[in-house]
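User: Could you walk me through how to read the features of a protein model? I would like the general idea each time, and then the case at hand.

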Amino acid sequence: MQTIGDLSSLVPLQVNPVPWARAQMAFTLAFHIILVPLGVSWAAMTLIANYRAIKRHDVDALRLAQRWSKYMAVTFAVGAVTGTVLSFEFGLLWPQFMGKWGEAFGIPFAFEGLFFFLEAIFISIYIFGWRRLKPWAHFWTGVPIPVAGILGSASVVAANAWMNSPQGVTLDASGNVTEVDPLGVILNDAMPLMAAHMIIAAYLVGGFLIASVYAAGMLRGRMDHYHRLGFIISFTVAAVATPVQMGVGDGLARWVYTNQPTKFAAIEIPGLASWLSDPSTGRATVIQGLDSFPADSRPTITQVDVVHLCWDIMVGLGTFLFLFTLWYWASWIFRRDMPRSRWFLRAAVIAGPLAVVSMEAGWTLSEVGRQPWIVYNQMRVADAATTNAGVWLTFVAVTLLYAALGTTLILVLRGMSRRARAGDRFDDTDSPYGPPEPTEGAEVRAR
C-alpha cells in the first residue's frame with residue numbers, strides 16, 4: 001500500500017515543483033487577501049453605525065451595527081481558516097526559506113498570532129454582548145476589534161516587508177543567521193510604507209465593497225433610510241481612504257525606485273517614471289534599465305510584463321476610484337446630500353469589485369516585482385522551494401477546498417441577508433437596550 005509520503009512517485013521526476021509551489025502560494029494569497037479588508041475595516045464601520053445608534057437613537061443604525069457584526073464574524077472565521085492554511089504553506093512549500101530565515105521571518109507572525117486571538121476574543125464578546133450589556137459598555141467592547149485588526153495586518157506586512165528589505169539579522173561567513181534583532185526585523189525600512197499602504201487599502205476596498213451591496217439595493221428601489229445609511233457609512237470610509245492611499249502609494253513608489261531598481265524599471269511609464277522617482281529633478285532623473293543588472297538578478301521578460309500590467313491596472317483603477325470619490329464629495333459640498341443619479345449608483349456597484357481587482361494587482365506587483373528573490377538579494381525563489389515533485393497534488397486539493405469554501409461563504413452571507421430582509425425589522429430579543437425611539441425628524445431623513 002502506498003503511503004502519503006510516496007505520493008511524489010505518482011508524477012515523473014522531471015516535473016519542476018517550483019512553479020507549482022508558486023502557483024499554490026499565489027492562489028491562496030489571492031483568495032485570502034479578499035477577506036483581509038473585511039476583517040480589518042468592517043469592525044470600524046460597525047462601530048460607526050453603533051455609535052450613531054446610541055448618540056442619535058437611530059433604529060436603522062442599530063440594525064446595521066447588529067447585522068454587520070454577524071457578517072463580520074462569518075468573514076473573520078473564514079479568514080482564520082485561509083490564514084491558517086497560509087501559515088502551513090510556508091513550511092510545506094518553502095522549507096529551505098524557513099530553514100534558513102525562519103528565526104527572523106517568524107517574529108512578525110508571532111505578534112500577528114497574538115493580535116489575531118485578541119481580535120477573536122473581542123469579536124465574541126461584542127456579539128455576545130448584544131443581549132447582555134448596556135449600550136456604551138457594549139460599544140466599548142468593540143473598540144479593540146479594529147485596533148487588533150490593524151496591528152495584526154501590520155505584523156503580517158512587516159514579515160513581507162522584511163523579505164523586501166531584510167534587516168535585523170547577523171550572518172556568519174557561511175551566510176547562516178547567528179543573531180536576530182526582533183525590532184530590527186519588524187521595523188525594517190520597507191515596513192512603514194508597506195504597512196500603511198495595505199491598511200489603508202483594507203479600508204478603501206472594504207468600504208467600496210460593502211457600499212456596492214447597498215448601491216445595488218438602492219438601484220432595485222430600496223431607497224429607505226436603512227439602505228442609504230449603510231451606503232453612506234461604508235462609501236464615506238472608502239472616500240476618505242482613497243486620496244490618502246494615493247499619497248502613500250506615491251511615497252512607496254519612490255522607495256522602490258531607491259531600493260528595488262529592477263522592479264521600478266519594470267513599471268516604466270514614458271514621461272512619468274522620472275516624476276514618480278523624484279519630481280524635483282523631472283526628466284533628468286536616470287532610470288536604470290533591466291539590462292544594467294545580471295541576468296540571474298532580474299525578473300524574466302514574462303514577469304516584467306506581469307509587473308507592468310499590474311502597475312497599470314492598480315494605478316488606472318485607483319485613479320478612477322479617486323475621481324469617483326470627488327463626485328461624491330462634490331455632491332455633499334454643494335447639495336448636502338449623496339448623489340442620487342442612477343449612473344452614480346451603477347458606478348458604485350462596480351466600484352467594489354474594481355477595488356478588489358486593484359488590490360490584487362497591487363499585491364501581485366509587490367510579489368512578482370521582487371523576483372527572482374524571495375529574500376531580496378539574499379535568497380532566490382528557486383533555492384527556497386520544496387523539492388517534492390508531488391506538490392501539484394496539494395495545489396489541486398487546496399484549489400478544490402478553497403472553491404468549496406468560497407462558495408459556502410457566499411451562500412451563507414446571501415442566506416443571512418435574505419433572512420434579514422424577510423423580517424425587515426430590528427430583532428428586539430438580540431439587544432438588551434432594544435430599538436430606541438427615532439428622534440424628531442427621523443421620518444424626514446428616511447425619505
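This is a predicted model: local features need pLDDT of at least 70, side-chain atom pairs count only at pLDDT 80 or more; totals for chains, interfaces and linings use all residues.

User: How many helices and strands does the chain have?

Analyst: Helices (H or I, at least four residues) and strands (E, at least two) are DSSP runs, numbered from the N terminus. Here the chain has 15 helices and four strands.

User: What share of the residues count as buried, and what share of the contacts join residues at least 24 apart?

Analyst: Buried means under 20% relative accessible area, exposed over 50%, and partly exposed in between (1.4 Å probe, protein chains only). By that rule, 50% of the 447 residues of the chain count as buried. A contact means heavy atoms within 4.5 Å. Take the contacts between residues at least 6 apart in sequence: 80% of them join residues at least 24 apart.

User: Let's turn to charges. How many salt bridges are there?

Analyst: Side chains of opposite charge can pair when their charged atoms come close. A salt bridge is a side-chain nitrogen of Lys or Arg within 4 Å of a carboxyl oxygen of Asp or Glu. The count comes to six salt bridges. One of them joins R63 to D60, with the closest N and O atoms 2.8 Å apart. The two residues are three apart in helix α2, so about one helical turn separates them. R63 is buried, at 9% relative accessible area, and D60 also counts as buried, at 15%.

User: Which parts of the chain does the pair of D337 and R228 tie together?

Analyst: In the salt bridge between D337 and R228, the closest N and O atoms are 3.0 Å apart. D337 sits in the loop between α11 (301-335) and α12 (342-368), while R228 belongs to helix α8, so this pair links parts 109 residues apart in sequence. Both D337 and R228 are buried.

User: Where do R254 and D250 lie?

Analyst: R254 and D250 are both in helix α8, four residues apart, about one turn of the helix. Their salt bridge has its closest N and O atoms 2.6 Å apart. Salt bridges that share partners also join R228, D337 and R340 into one network.

User: What is the nearest side chain of opposite charge to E89?

Analyst: Lys and Arg count as positive and Asp and Glu as negative; His and the chain ends are not counted. E89, found in helix α2 (residues 59-93), is buried yet has no salt bridge, and the nearest side chain of opposite charge is R22, 13 Å away. Leaving out residues up to four places away in sequence, E89 touches Q24, M25, T28, W94 and V398.

User: Which residues does W68 touch?

Analyst: W68 lies in helix α2 and is buried, with a relative accessible area of 1%. Not counting residues up to four places away in sequence, W68 touches several residues, including W42, M45, I210, Y214 and I233.

User: Is S41 buried or exposed?

Analyst: S41, in helix α1 (residues 17-56), counts as buried at 0% relative accessibility. Beyond residues up to four places away in sequence, S41 touches A202, Y203, G206 and G207.

User: Finally, which residues form the surface patches?

Analyst: Patches are made of residues with over 30% relative accessible area and no salt bridge: like charges are joined within 9 Å, and nonpolar side chains (Val, Leu, Ile, Met, Phe, Trp, Tyr) within 5 Å. The place of a charge is taken as NZ of Lys, CZ of Arg, CG of Asp or CD of Glu. R220, R414, R418 and R421 form a positive patch. R220 lies in the loop between α7 (191-219) and α8 (225-259) and is exposed, at 61% relative accessible area. Y51, W136 and W140 form a nonpolar patch, with about 370 Å² of accessible area together. W136, in helix α4 (residues 135-142), is partly exposed at 36%.

Key
Residues are numbered from 1 along each chain as its sequence is written. Side-chain values use heavy atoms; hydrogens and water are left out. Accessible areas come from the Shrake-Rupley method with a 1.4 Å probe; for residues, only the protein chains shown count as cover.
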